[in-house]
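Please keep the viewer at hand while reading.

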Amino acid sequence: MRFNKNTIILLYMQHIVSALRAARWHACIPWLLLLVRMTLPANADQYTSLGDYVSHERDAAGVSIRAENNVLRLSIVGEAVLRIQVGRDGTLLNDPSHAVRHEAIPAVNWNLDDTDSALVLVMPGGRVDILKRPLRLVFRDGEGREIASDDRAFGHAWDGKEIHVWKTLHQDERFYGLGEKTGDVNKRGSQWVMWNSDVPGYGNDRDPLYASIPFFIGVRDAGAYGIYFDNSFRSVFNMGAASDRVYSFGAEDGEMDYYFIFGPAVRDVVRRYTGLTGRMPLPPLWALGFQQCRWSYYPEHEVRDLAKNFRQRGIPADVLYLDIRYMDNYKVFTWDSAAFPNPHMLLSDLEAMGFKVVPIIDPGIKIERGYDVYEQGIARDHFLKYPDGTLYSGQVWPGWCHFPDFSRADTRRWWGDAYARMMDIGVDGFWNDMNEPAVWGREFPYLVQFDNDGAPATIKRMHNVYGHLMAEASFDGLRRSHPDKRPFVLTRAAFAGTQRWAAIWTGDNTARFDDLRMGIRMCLGLSLSGMPFNGTDIGGFMDSPSPELYVRWLQAGVFTPLMRSHTHINTRDQEPWSFGEETEELARRFISLRYEFLPYIYSAFHEASTSGTPMMRPLLHDYQNDPAVYDSRWQHTWMFGDHILVAPVVQEGQRFQEVYLPEGRWLDPWTGQSYEGRQRVIIDAPVSRLPLFYKAGAIIPRRNAPQFTGEKQLDTLVLDIVPQDGGSGTMYLDSGEGYGYERGDFEVLRFSLGAEERGWRLTIDAAESVRTRNIKAIRLRLFGSDASPRRVATADRIIFDTDANTVPPDARVDAAHRRFEITVPFAPGVSTVTIGY
């Protein structure tokens, strides 16, 4: 027999009446309780949705809609960005955002049409159909094609404080981004949690990790779109896990507040998202060099020996790190006076050798009378508290600690001033660690209170932005106190928008080929999530790599934005010379290669800082309409900038590499071999080679490798050219430090290549300035020609002419690698070089 709810209630009432007639009052109680549960509204364990449309009001910024059960707000944020908010009990919370930059919104022309079945909101970048019964959103591109939509049955809903939205999952839909996540680059088919966590030695199935970036990109045949969920509570993104019908996202508390970003290109979505949450500032040039770290270089003589080894062995390096042992009993902003008796002299000596020093800083402040940072924090009320006003204490490296309340502006300024004092004695940047925040026992109690600049909040709201606010305090303090230097802050924990203040690395990985592959995928995910300055611990932090793994990881690091090697205290040495002479030579070669490409790499960083286009990005970013690039076999291949495809070997023992080349023509610079795109190729890849390809038409600026970025001025510019009509390239050039570039103290050199009847014409456009004055010559390297040129000339003289027997001694024909090299003089202005065959 089948019973409905009313039948069951009737049966319960009959039991109660029978018990009352028998005067058995105690027997009534369980039946009364069950009856109460059955008759109460189902709002404790069942989602309530918006219901049907009731009415709407339009204003200059958008439209507010009254539904049966709540209010829905759509606000125009840009030509292709729309903010969606769902109220709580009929009222919009309008919680302050920690990520979205609150700047003036440019005027946008938009229309709202009211029909019987829907409101239709039309923007320059797309359209939204607001269905009335039930109230649901359908997002369409400019041609009216559906790109995303609410699930018809569920849509936006809430259960107590929990908020959620369900959207239709299409068969051709893929998902990318979500920040620092393991797994494949495509996040479809899994559930992901946003809750910053200290997870040493994590594997490919571990989630969550150190950073939470609640932003993803959906890609369909109809185009790409992005969604940024602006909520810092613990949130969950179910991207079709165990479902072929819906995907969803939501949070335990806070507001349903998200931004829908129209494409149709992935590149457009990333650009608009970073316009919303901010872009990476241009870092100091030295931060792009090789960085060496371990837990720990200690005492002082180990640091000095490390620096001497790099210079004596001719291995380029710019940055040395100091891990936790440099401090006095792990107390931040102190030095171990026995191990480092004169920090100022040490830092000065290292600076003279061309090294920058970056120490670690943790947020935990040791509870110790007489420790000035502790005393200041107590006196100025900078520490986190329980609701009863007592200070929260947690254990970490120094023992019992208090923790700064970075949600207070005064505390952030105090913290930034402490960094400034470290800079005053010669420190160059800072490495923020343990800032999830992490304590022994993993997490703060949920009772811990934050001031939140006068709007008190618990750790539930502030946990995910703790490291984010610490990075803000660090960056602002350095910029405020040392305006002639660009801050370098490296953070472990992050939230959406942290890219405005810090670079990020992927935390405590392990020395395994699995982790090399996983790290590449994580960096690609971070790049698509607005944090382009990212990297891994090269070689692995935990355990010790084999020489082969170390070299393969270094090769991948050449074209990873952050190139830092780091290892654990209980592992073998992991400096380039630690694995024997053969590995040392290979390490020297690939670290030098990084420095050779710095003009190209720095130019890509500049592009990221101005447009939001990441330096390192998966193939789908540039070749979205090529179905093959979505194959997981190619997810460890990436574009670095517009012209270089990188395909490192990531399998142990492998001596060849299968690579997919997208449309166009591609050239292997090591062999000179050209390949047509849209095909798989197999190339030799011994341990001595990093597989990479130049795109036809590329003009790639390089230089001779210095020992550190500031060693000497760029006097000879190297241009790698893959001839093709319409070829082009740029090189951004500034001082590499300070903010003169914001006042126009920079140059952009522009190169273009055009076909002539029997050769090519290279045009070089470089204005006369202090930035170009040091360049005396350009070394041209032409790739892919089966025959060498017969004649090379500038506007005023012939450089090379085989018929006239004018062959300078530095001209070089490498027939085996299909390469021709020659040096031509450089003069600022617009100049041309003709290359005749």
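This is a predicted model: local features need pLDDT of at least 70, side-chain atom pairs count only at pLDDT 80 or more; totals for chains, interfaces and linings use all residues.

The points below go through strands, helices and some backbone details in turn.

1. Start with strand S7, residues 118-123. Five of its six residues are buried, so S7 is largely enclosed by the rest of the structure. On one side of the chain comes S6, joined to S7 by four bridges in an antiparallel run. Leu-112 has Leu-121 in S7 as its bridge partner. A hairpin of three residues links S6 to S7. Next comes S8, which pairs with S7 over six bridges, again in the antiparallel sense. Here Met-123 is bridged to Gly-126 in S8. Two residues sit between S7 and S8 in their hairpin.

2. **The six-stranded sheet.** Look next at an open sheet of six strands. Their order is S46-S47-S48-S54-S50-S51, and the pairing is antiparallel. Which strands stand at the edges? They are S46 (727-733) and S51 (798-801). Each has a single partner strand, so one side of each is left without a neighbour in the sheet. From one strand to the next, the twist averages 15°.

3. S47 covers residues 747-756 and S48 covers residues 759-766. Seven bridges join these antiparallel strands.

4. **Helix H5.** This helix spans residues 343-352. Its buried residues are Pro-343, Leu-346, Leu-347 and Leu-350. They cover an arc of only 95° around the axis, which puts them on the same side of H5. An α-helix has 3.6 residues a turn, so residues three or four places apart point the same way. What do the buried residues of H5 pack against? The partners are helix H4 (300-313), strand S22 (319-322) and strand S23 (356-361). After H5 comes Gly-354, with a positive phi near 90°.

5. **Helices H11 and H12.** H11 (residues 547-558) packs with H12 at an angle of about 10°, and the axes are 9 Å apart. The two helices are therefore roughly parallel. The H11 side of the contact includes Tyr-550, Val-551 and Leu-554. The H12 side includes Leu-586, Phe-590 and Ile-591. Ten residues of this contact are nonpolar, three are polar and one is charged.

6. **Helices H12 and H13.** H12 (residues 581-596) also packs with H13 (residues 598-611). Here the angle is about 55° and the axes are 5 Å apart. H12 and H13 are therefore oblique to each other. From H12, the contact takes in Arg-594, Tyr-595 and Glu-596. From H13, it takes in Leu-598, Pro-599 and Ile-601. Four of these residues are nonpolar, none is polar and two are charged.

7. **Gln-291.** Is this residue buried or exposed? Gln-291 has a relative accessible area of 0%, so it counts as buried. Gln-291 belongs to strand S21 (residues 291-292). Leaving aside neighbours within four places in sequence, its contacts include Val-319, Tyr-321 and Phe-488. Leu-562, Met-563, Arg-564 and Ser-565 are also among them.

8. Most residues other than glycine have a negative phi, and most peptide bonds are trans. Asp-89 has a phi near 55°. Asp-89 sits in the loop between S5 (81-86) and S6 (111-114). Its relative accessibility is 74%, so Asp-89 counts as exposed. Leu-178 has a phi of about 65°. Its loop runs between S13 (174-177) and S14 (191-194). Leu-178 is buried, at a relative accessible area of 0%.

9. **Two cis peptide bonds.** The bond from Arg-133 to Pro-134 is cis, with omega near -5°. Pro-134 is in the loop between S8 (126-131) and S9 (136-140). The bond from Glu-436 to Pro-437 is also cis, with omega near 5°. Pro-437 is in the loop between S27 (430-432) and S28 (449-450).

Note on methods: Residues are numbered from 1 along each chain as its sequence is written. Side-chain values use heavy atoms; hydrogens and water are left out. Axes are lines fitted to C-alpha atoms, for helices over the stretch in contact, and angles run from 0 to 180 degrees between N-to-C directions. Angles under 35 degrees count as roughly parallel, over 145 as roughly antiparallel, 65 to 115 as roughly perpendicular and the rest as oblique. Contact means heavy atoms within 4.5 Å. Ala, Val, Leu, Ile, Met, Phe, Trp, Tyr, Cys and Pro count as nonpolar, Asp, Glu, Lys and Arg as charged, and the others, Gly among them, as polar. Buried means under 20% relative accessible area, exposed over 50%, partly exposed in between (1.4 Å probe, protein chains only). The arc is that of the directions from the helix axis to the C-beta atoms. Two strands pair if DSSP finds at least two bridges between them.
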